[in-house]
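Please read the points below with the model open beside you.

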Amino acid sequence: MKDIDLSEIKSPADIRKMSLPELTKLAGEMRGALLEKLSVHGGHVGPNLGMVEAVIALHYVFDTPEDKIVFDVSHQTYPHKMITGRMEAFTDPAHYDDVTGYTNPSESPYDLYSLGHTSSAVALAAGLAKARDLQGGKENVVAVIGDGSLSGGVAFEGLDYGATLGSNFIVIVNDNQMSIAENHGGIYADLRLLRNTNGTADNNLFRAMGYSYRYVNYGNDLKSLIDMFSSVKDIDHPVVVHINTMKGMGLPVAEADKEEFHYAGPFDLKTGAPLHEEAPQTAPEDYSELFAKGMLRRMKENGKVVAITAGTPGVLGFDKARRKEAGKQFIDVGIAEQAAVDLASGLAKGGMRPVVGFVSSFLQRAYDQFSQDIALNKQAATFVVFYGSMFGMNDETHLGFFDIALLSNIPNLIYLAPTCKEEFEAMLDWAVKQDERAVVVRTPGSVAVSNTEIELLDDYSKPTYEIVREGDGVGLIGAGSMFGFMQQAADLLAQQGVNVTLINPRNLSELDTAALDSLKDYKVVITAEDGIIDGGYGQKVASYLGESPVKVVNLGLPKEFLNRYNYSELQKRCGLTPDQIAQTAMSALK
């Protein structure tokens with residue numbers, strides 16, 4: 001059989017003309033193209049390699065885009081994009097960056113939502129199905145959700161409602177026995193029993209909820225998948241199709257180490273070794289490493305200290321070896337951010353010292369729990385925010401710069417912004433020991449910057465600003481990672497004969513009014529934060545100083561869903577380079 005010319009695949013209509021041997025050949029060609037791109041470009045490796053056959057079968061059987069498919073998280077949709085008119089982005093290096101890593105309606109009518117967070121596909125698809133029913137439509141509605149995403153509360157809520165539709169509603173459960181790391185939760189014993197009994201076990205969550213149930217034991221076999229999807233196409237009631245797939249299939253190192261290859265930067269195709277990685281002795285320390293090492297020390301010193309993650313242990317620096325070392329003092333609740341926050345509240349109420357680590361973009365999923373179950377109830381839990389930065393992840397589904405506005409305005413919650421690793425450790429040490437209030441500590445970027453001149457406190461319960469330099473006429477207040485840029489701007493202004501007051505605010509939720517009162521007769525006060533301006537820290541300062549003569553300029557990010565932006569261009573757009581900050585100050589003085 002001749003090779004498949006991937007450039008000729010323009011839409012699902014092209015694969016529906018193929019025979020089964022040709023589709024099998026296509027799967028191999030697509031997997032090869034994926035491996036070639038991922039090895040030099042990076043991306044979600046395991047999820048996409050494991051879904052090649054399932055995606056081909058879905059588009060072969062269902063009449064997309066008339067039939068609707070919603071992919072949960074959508075980090076497994078590279079094969080979907082290849083089939084739906086975006087093949088060049090996976091076969092031509094010059095076009096590798098033409099598409100995002102997730103579904104995006106602006107790219108294609110086959111993409112229904114911009115999705116990058118987990119567990120929502122079933123509820124979204126249930127809404128589409130209900131809309132179809134109310135309008136007399138006949139199209140199939142399919143939700144594709146991974147086993148790891150089933151631990152999220154909204155997945156259960158969507159399944160609970162979807163079972164009541166009484167019409168065509170198809171849920172594909174892609175079971176590869178993994179979340180980002182290993183799965184955690186009682187549901188996974190049920191899934192394992194179903195796999196071990198070829199889907200015949202009496203204990204069946206999906207049937208208990210009201211779904212009919214089908215099982216495919218080898219979810220990477222095209223014929224089995226096509227036959228199964230064909231059998232449920234146009235079904236008149238809700239059904240769950242449970243497929244058992246291999247995460248990382250086709251790349252032996254990814255099959256062997258599913259956690260390491262969930263997402264990876266460029267790597268050697270033969271060995272799996274990272275490319276362009278700095279030698280350990282020269283690589284800069286990051287806050288994940290710093291956090292993990294510090295937490296293991298705290299755990300050994302105090303048996304009441306526990307670390308909690310919602311399915312992202314690697315972000316916290318807890319690899320398999322460190323998780324084993326921490327033992328029962330390390331808790332992974334699976335992809336269930338709301339449960340992580342409430343578990344921390346319960347642990348704190350029970351006398352423990354919980355510390356929860358969150359990716360900034362994911363903590364918003366638990367906003368109600370932060371407000372009600374932590375802050376309102378005054379539970380002294382500690383939270384650490386990673387990637388809360390304009391210099392973090394830049395996909396519109398994973399933006400990390402909304403957290404200051406979200407959390408710093410909740411009563412009874414202290415939001416601390418360290419400027420360096422020494423301050424980060426000091427704040428975290430205090431937060432874990434105190435038992436009065438909830439504390440959030442925001443890591444200042446990714447690389448752990450050292451500054452031994454920063455004043456460290458034994459108690460951060462009160463808003464006490466550090467006056468790093470004293471000047472007159474110009475005040476620069478740099479929050480967290482922005483402090484370094486303010487410091488550079490202060491140096492530039494000093495070269496022009498302008499001595500400024502440089503302030504490290506430390507606390508973004510409360511104001512040091514005494515420090516701010518000393519600035520009321522200044523010409524200008526400039527605040528800078530690594531978050532959106534609206535509702536952020538700077539506006540608190542501007543509001544307090546509003547009736548005084550001083551001009552207040554707030555620098556930060558726009559309230560926008562930015563997508564794959566250029567970091568340096570965004571910094572310049574927002575006036576956050578040291579040169580621009582200095583120019584802003586000079587303009588105000590003139």
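1. The count of aromatic pairs comes to 16. The model is a predicted one, and the values here are computed from it.

2. One of the pairs joins Tyr78 and Phe90, with 5.8 Å from centre to centre and 40° between the planes. Tyr78 belongs to helix H5 (residues 78-83) and Phe90 to helix H6 (residues 88-91), so the pair links parts of the chain that are 12 residues apart.

3. Are the two partners buried or exposed? Tyr78 has a relative accessible area of 8% and is therefore buried, the limit for that class being under 20%. Phe90 is also buried, because its relative accessibility is 2%.

4. Phe90 has a further neighbour to check. Lys37 lies over the face of the Phe90 ring, at 4.2 Å from the ring centre.

5. A second pair, Tyr565 with Tyr567, is edge-to-face. Its ring centres are 5.5 Å apart and its planes make an angle of 85°. Tyr565 counts as buried because its relative accessibility is 10%. Tyr567, at a relative accessible area of 32%, is partly exposed.

6. Ala375 is found in helix H17, which covers residues 367-376. Ala375 counts as buried because its relative accessibility is 1%. Leaving aside residues up to four places away in sequence, Ala375 touches Phe370, Ile410, Pro411 and Asn412.

7. How far is Ala375 from Val61, in sequence and in space? The two are 314 residues apart in sequence, and their C-alpha atoms are 50 Å apart.

8. The second largest pocket has a volume of about 280 Å³. It is lined by 16 residues, and the closest to its centre are Ser114, His117, Gln364, Glu396 and Thr397.

9. What kinds of residue make up the lining of the second largest pocket? Nine are polar, five are nonpolar and two are charged. Glu396, one of the residues closest to the centre, falls in the charged class because Glu is counted there.

How values were computed
Residues numbered from 1 in each chain as written. Predicted model: local features only at pLDDT ≥ 70, side-chain atom pairs only at ≥ 80, totals over all residues. Heavy atoms only, no water. 1 Å grid on protein atoms, 1.4 Å probe; cavity = no way out; pocket = protein on both sides within 12 Å on 5 of 7 lines; lining within 4 Å. Points joined across faces, edges and corners; volume = space filled by probe spheres on them. Phe/Tyr/Trp six-rings, centres within 6.5 Å; stacked < 30°, edge-to-face > 60°. Helix = DSSP H or I, 4+ residues; strand = E, 2+ residues; numbered from the N terminus. Buried < 20%, exposed > 50% of the residue type's maximum accessible area, 1.4 Å probe, protein only. Lys NZ or Arg CZ within 6 Å of the ring centre and 35° of its normal. Contact = heavy atoms within 4.5 Å.
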